[in-house]
Structure formats: structure tokens, C-alpha cells
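Let's walk through this one together, from the chains to the places where they meet.

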Amino acid sequence: MGIYHFLGLAFILFAIGAVGFFVRNNIIVLLLSVELMLNAVNLVFVSFSRYLHGLEGQIFVFLIMAVAAAEVAVGLAIVVSIFRMFKTLDISKMNLLKR
Amino acid sequence: MIEQAVFWILSIIMVVSALGVIMMKSAINSVICLLLTMLSLAGVYVLQGSYIVALFQIIVYVGAIVVLFLFVVMLLNIKNIRREVAVDYRNFIISSLAVLTVAGVVCILWYALRLSMPEAGGDIVPAAAGVKEMALELLNRHLLALELVSVLLLAGAVGALLIGRKE
């Protein structure tokens, strides 16, 4: 197994996450797409860490996981607060700054 | 040989379930598809020989993040919300433009990577990096980053409590 297999898989995963972020309008699915992109980045880090025989990539993956956990906690709190305020999860209905 | 078969099976599961994350209509099916993606990604990490990352992938993502998403999806009562279409067809042109842009950026990235790494072909050898090496590396050279991340987690927890509480 070369490194290109894993890198191609990570690119496809990142592209799927980015497309989901641009296309969908459910706010929970947007957060899930962000998680997909973070996981693609994690896969690239681990692949290069294995390829270059270093450990820094895996250390960075731990830090990214911690940051992702904090991001999900705050993001879901914001989602609950937004749902209380707007009674919907559709981000095209949230135009508080536009009007 | 068997490694290649396992890799292709895992990657097909991962891509299909990642497509399911962004194409499912209801949010709870998306979360279940994300669970499947995380599990197959942990399998890919095991295949690469980075067992500790796979372990923490399962503990952190499957055990904490996906469960948190499930809690929130079940907490919000989405039954009485209009079941919107999976893809926003109103902005179909903008959406397809976004898809084309992402595909183009990924192709350019792939081409740049092929150009900048001419000595391709080195296999990823499954040499084990144990807990001891990881812990020494994390607690010696990256101690400051570890402490900063712990402070960030504390701030995130406090911020989530502050934002999510009822007035």
C-alpha cells in the first residue's frame, strides 16, 4: 500500500465534506460535514507520519481531535440555542443580520 | 494482497457512508452514516499500523462526538418541522458551482502532490509506534501544546454551558 492510496481517500473524503457544507441547509448536517473534513485532514497527517517515520503527525492528530471535541460541544450548544430562537434548523431561514 | 482487499473494502464503505452523511434526508440517518465513516476510518488507521490513533478515533469520535450529535438530534423535537429536501434545489446553480470548484481544487491538489513527490512508491510499513514513544513525545516536546489544548477544552465546556443554558 503506497501513500497515494491513503491520500486519494483523504482527498475524496474532504471533497465530500466540502460539498456537503456548501449544498445542504440543515445546520446539523453542516456540522457533520465539518467533522468529515477534519477527519480527512487527520488521515493525511497520519499517512505522512507513517510515510516519513515520524511521530509528530500522530501528536497533531491528538490535538486536532481535542479541538474538534471542543468545537462540537460549542457548536451543538449554539444549535440548541438557535433552535430555541428560530424553531427551525434551516439556515436559509436565519436572516437576522440581513433584515 | 489481503491488505489491499481490506483497504478497498474499507474505503468503499467510507466513501459510501460519507456520501450518505450529506445526502440523507433526516439528520439522524446522517449521524448514523457518520458513525460508519468513523469506524471504517479507524479500520484504515489500523491498516496503516497507527493503532493508538485508531483507538483514540473510536474513543473520541464514536464514543463522544457522535453520541453528542445523537443526543442533540434526539433532544430537538424535529418531528413537527417541515421535512426539507436533501439538496437545496433552489440554489441549484450555486450548488453545482460549489461542487465543480471543490472537484477542481482537489484535482489541482492531487496534481501538485504528484509533482512535488517524485520519489513515490515507498510503502507504508506497519512498524508499531507504541504508547511509550507517543507519551514521551507528547509529554516532552509538545507539553505546551498539550496544556493549551486542555485549557481550550475547559473553555469549550464552560462556553457550551453558558450558551446552552436557558435564560
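Two residues are in contact if their C-beta atoms, placed from the backbone, lie within 7 Å. With that in hand, please keep in mind that this is a predicted model, in which local features need pLDDT of at least 70 and side-chain atom pairs count only at pLDDT 80 or more, while totals for chains, interfaces and linings use all residues. Residues are numbered from 1 along each chain as its sequence is written, and chains are lettered from A, with ligands numbered from 1, in the order in which they are written.

Let's take chain B to begin with. Among its contacts with a separation of 6 or more, 56% are accounted for by residues 24 or more positions apart. Chain B has six helices and zero strands; here helices (H or I, at least four residues) and strands (E, at least two) are DSSP runs, numbered from the N terminus. Along the sequence, chain B reads α-α-α-α-α-α. Of its 167 residues, 22% are buried. A residue is called buried if 20 or more other C-beta atoms lie within 10 Å of its own, exposed if 12 or fewer, and partly exposed in between, with C-beta atoms placed from the backbone.

Now turn to chain A. It holds three helices and zero strands, in the order α-α-α. Buried residues amount to 54% of the 99 residues of chain A. For contacts in chain A between residues at least 6 apart in sequence, 48% join residues at least 24 apart. The C-alpha atoms of chain A occupy a box of roughly 55 × 25 × 20 Å along the principal axes. The radius of gyration of chain A is 17 Å, whereas a compact globule of 99 residues would have one near 13 Å. That radius is taken over C-alpha atoms, and the globule rule is 2.2 Å times the number of residues to the power 0.38.

How do the two chains meet? The contact draws 58 residues from chain A and 68 residues from chain B. On the side of chain A that touches chain B, helix H1 (3–23), helix H2 (27–51) and helix H3 (56–86) of chain A each supply at least two residues. H3(A) gives the most to this side, with 21 residues. By class, the residues on this side of chain A are 43 nonpolar, 11 polar and four charged. In this scheme Ala, Val, Leu, Ile, Met, Phe, Trp, Tyr, Cys and Pro count as nonpolar, Asp, Glu, Lys and Arg as charged, and the others, Gly among them, as polar.

Two helix pairs let us look into this contact in detail. Two packed helices are described by the angle between their axes and the distance between the axes. Axes are lines fitted to C-alpha atoms, for helices over the stretch in contact, and angles run from 0 to 180 degrees between N-to-C directions. The axes of H3(A) and helix H3 (residues 51–75) of chain B come within 11 Å and cross at roughly 5°. H3(A) and H3(B) are therefore roughly parallel to each other; angles under 35 degrees count as roughly parallel, over 145 as roughly antiparallel, 65 to 115 as roughly perpendicular and the rest as oblique. Where H3(A) meets H3(B), the residues include A:Phe62, A:Met65 and A:Leu76 from H3(A), with B:Phe56, B:Ile65 and B:Leu68 among those from H3(B). This contact of H3(A) with H3(B) has 19 nonpolar residues, one polar and no charged.

H2(A) and helix H2 (residues 27–48) of chain B pack at an angle of about 5°, with their axes 11 Å apart. H2(A) is thus roughly parallel to H2(B). Among the residues making this contact are A:Glu35, A:Leu43, A:Ser47 and A:Arg50 of H2(A), and B:Leu41, B:Tyr45 and B:Gln48 of H2(B). The contact of H2(A) with H2(B) divides into 12 nonpolar, five polar and two charged residues.

Some single residues round out the tour. A:Phe6 sits in helix H1 of chain A and is buried, with 24 other C-beta atoms within 10 Å. Leaving out residues up to four places away in sequence, A:Phe6 touches A:Leu43, A:Ser47 and B:Gln48. In the loop between H2 and H3 of chain A lies A:His53, which has a positive phi of about 55° although it is not a glycine. A:His53 counts as exposed, with 11 C-beta neighbours inside 10 Å. A:Lys87, in the segment after H3 of chain A, has a positive phi near 60°, and this residue too is other than glycine. A:Lys87 is exposed, with 12 other C-beta atoms within 10 Å.
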